[in-house]
Amino acid sequence: MDFDAIVIGSGFGGAVSACRLAEGGYRVLVLERGRRWDAKTYPRKDSDPWWWSNEAPERWNGWLDLRVFQHMAVAQGAAVGGGSLIYANISAVPDASVFDREWDYSRPSAFDVRHSKRFTNAQGVEQGTCVHLGNCDIGCEVDARNTLDRNYLALAERKGADVRPLHLVTNIEPTGGGYKISYDRLEGGRRTAGSAQARLVVLAAGSMGSTEMLLRCRDVSGSLPNVSGRLGYNWSSNGDFLTPALYPSREVHPTQGPTITSAINFLDGSQGGKSFWIQDGGLPNLIANWIATAKAADPRVQAFLVFLVAAMRKLGPLENAMPWFAQGIDAANGRLRLRRAWWLVGEHKLDLDWSVEESAPVIEAIIDMHEKLSKATGGIALVPPSWSIDKYLITPHPLGGCNMGTSRKNGVVDHKGEVFGYRNLFVIDGGMVPEAVGVNPSRSIAALAERAVGLIVGEGR
């Protein structure tokens with residue numbers, strides 16, 4: 001075997017797995033489809049590499065992977081460090097009930113990179129102190145956010161892990177007491193095929209990526225034919241929702257300060273029996289400028305931008321706007337599957353079946369609270385027409401698809417992420433979470449990874 005363990009993906013599940021396996025003495029290879037980014041390469045201009053294309057990743061392998069389905073859109077990071085490169089640095093503990101179900105900014109000069117103080121973190125990586133630039137979600141210029149490439153992955157590399165950016169895994173195949181991982185190296189607008197073998201594999205490509213990979217291995221290449229029939233089921237958007245609010249007589253400066261600074265917890269079901277929590281929000285200057293142009297390729301996004309620009313003309317400029325965020329316990333009744341582009345012919349593409357009816361009550365409870373909080377703080381909530389007219393949602397927190405269970409009859413993996421029927425093949429990421437957690441899920445995914453890899457190393461796998 002080329003390695004003791006191959007980790008596919010480098011987000012919260014993959015980074016933790018790589019780090020702890022490397023610490024345990026395993027020879028680790030991390031295959032990450034995205035680039036290795038830093039403060040000098042984060043996209044800023046329109047011409048910069050913003051978008052990741054699943055159709056042509058050799059040409060378009062940028063910052064954000066946005067998948068648009070019939071009733072839902074899913075935003076994911078494509079980077080060494082995975083979703084941590086685009087998250088708002090929120091590390092939250094879900095309400096205990098989730099597991100009980102079995103499972104002074106007024107000085108303009110303050111916002112200047114020159115005020116950030118450099119320091120070396122515990123993993124030996126240089127970072128900077130926060131100066132409230134408001135660019136949390138698109139890359140911090142002073143390296144203040146704790147992204148995974150600056151902690152878990154950095155420690156994994158110090159312990160000998162080999163992290164390879166722009167390596168897109170295409171197949172997983174059992175071979176000689178382990179697994180052969182086939183991949184395409186994305187370089188110079190071309191794909192170059194390669195492979196590596198290991199006795200243990202951690203699939204950590206996120207809810208969408210891990211589920212799609214197992215679907216392709218089971219239903220297209222046939223390399224993993226015995227993966228559970230429950231694969232793809234119980235997918236969740238984690239109840240994500242955003243309601244912009246405009247404050248006609250108050251400047252809230254949404255582009256300054258950390259993206260999210262506080263939350264109100266309604267996970268106890270006190271609001272009509274619905275469980276959710278509410279967060280304040282912000283947005284980067286680049287997003288603010290984009291909103292002002294009111295131009296987008298997707299017609300739903302275009303309609304939302306036109307609606308927002310019209311509201312700002314009436315109620316006040318963007319400096320008077322604040323997005324309210326939320327996550328909640330939705331129905332987790334989505335299903336991911338592969339479908340051909342044209343009925344029985346064409347390429348297999350990932351598709352999402354999502355019925356909003358069962359999740360609508362928690363979304364409506366969130367909207368009601370957004371409206372109450374906006375009014376109480378002097379604002380006017382603007383419910384997006386994408387919801388009020390089309391019942392369309394977008395989530396950056398996809399969960400499920402490779403759910404934990406007690407057997408292949410009710411799950412895809414066991415409690416430590418091992419795929420039923422395939423020894424030493426693990427899914428350790430948001431895909432193994434069997435329901436919505438109702439808060440930002442990064443901490444939960446990392447905790448599941450810490451536990452799973454602790455068991456794996458402890459068993460001497």
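Me: What makes β3, β4 and β18 a sheet, and how is the pairing described?

Reply: In this predicted model, the three strands form an open sheet in the order β3-β4-β18, with mixed pairing. Two strands count as paired if at least two bridges are found between them; five bridges join β3 (residues 64–68) to β4 (residues 72–77), and three bridges join β4 to β18, so both pairs meet the requirement of at least two. The strands β3 and β4 run antiparallel, whereas β4 and β18 run parallel.

Me: Why are β3 and β18 placed at the edges?

Reply: Each of β3 and β18 (393–395) has a single partner strand, so one side of each is left without a neighbour in the sheet. Neighbouring strands of this sheet are turned by 15 degrees against each other on average, if direction is ignored.

Me: Which residues stand opposite each other across these strands?

Reply: The bridge partner of V68 in β4 is A73, and A73 also stands opposite I394 in β18. On the β3 side, the two strands form a hairpin with three residues between them.

Me: Why is α1 called roughly parallel to α9?

Reply: The axes of α1 (residues 12–23) and α9 (residues 442–458) come within 8 Å and cross at roughly 30 degrees. Angles under 35 degrees count as roughly parallel, and therefore α1 is described as roughly parallel to α9. The crossing in which α1 passes α9 is right-handed.

Me: What makes up the contact between α1 and α9?

Reply: From α1, the residues F12, G13, V16, S17, R20 and L21 take part, and they meet S442, I445, A446, A449, E450, V453, I456 and V457 in α9. Sorted by class, this contact has nine nonpolar, three polar and two charged residues.

Me: How do you know whether L85 is buried or exposed?

Reply: The relative accessible area of L85 is 1%, and since buried means under 20%, L85 is classed as buried. This residue lies in the loop between β4 and α2 (96–100). Leaving aside neighbours within four places in sequence, L85 is in contact with residues including Y42, W63, A79, V80 and C136. One of these contacts, W63, is 22 residues away along the chain, with 8.6 Å between the C-alpha atoms of W63 and L85.

Me: Does S275 count as buried or exposed, and what is the value behind that word?

Reply: S275 has a relative accessible area of 17%, which is under the 20% limit for buried residues, so the term buried applies to S275. It belongs to strand β13 (residues 274–279), and, neighbours within four places aside, S275 is in contact with F266, L267, G269, G328, I329 and V362. The C-alpha atoms of S275 and I329 are separated by 5.7 Å, although the two residues are 54 apart along the chain.

Me: Why is H253 called partly exposed, and what is said of its phi?

Reply: H253 is found in the loop between β11 (241–246) and β12 (263–271), and has a positive phi of about 50 degrees although it is not a glycine. Most residues other than glycine have a negative phi. L166, in the loop between β7 (162–164) and β8 (167–175), likewise has a positive phi, of about 55 degrees, without being a glycine.

Notes:
Residues are numbered from 1 along each chain as its sequence is written. This is a predicted model: local features need pLDDT of at least 70, side-chain atom pairs count only at pLDDT 80 or more; totals for chains, interfaces and linings use all residues. Side-chain values use heavy atoms; hydrogens and water are left out. Axes are lines fitted to C-alpha atoms, for helices over the stretch in contact, and angles run from 0 to 180 degrees between N-to-C directions. Helices (H or I, at least four residues) and strands (E, at least two) are DSSP runs, numbered from the N terminus. Angles under 35 degrees count as roughly parallel, over 145 as roughly antiparallel, 65 to 115 as roughly perpendicular and the rest as oblique. A crossing is left-handed if the near helix is turned anticlockwise from the far one by less than a right angle, and right-handed if clockwise. Contact means heavy atoms within 4.5 Å. Ala, Val, Leu, Ile, Met, Phe, Trp, Tyr, Cys and Pro count as nonpolar, Asp, Glu, Lys and Arg as charged, and the others, Gly among them, as polar. Buried means under 20% relative accessible area, exposed over 50%, partly exposed in between (1.4 Å probe, protein chains only).
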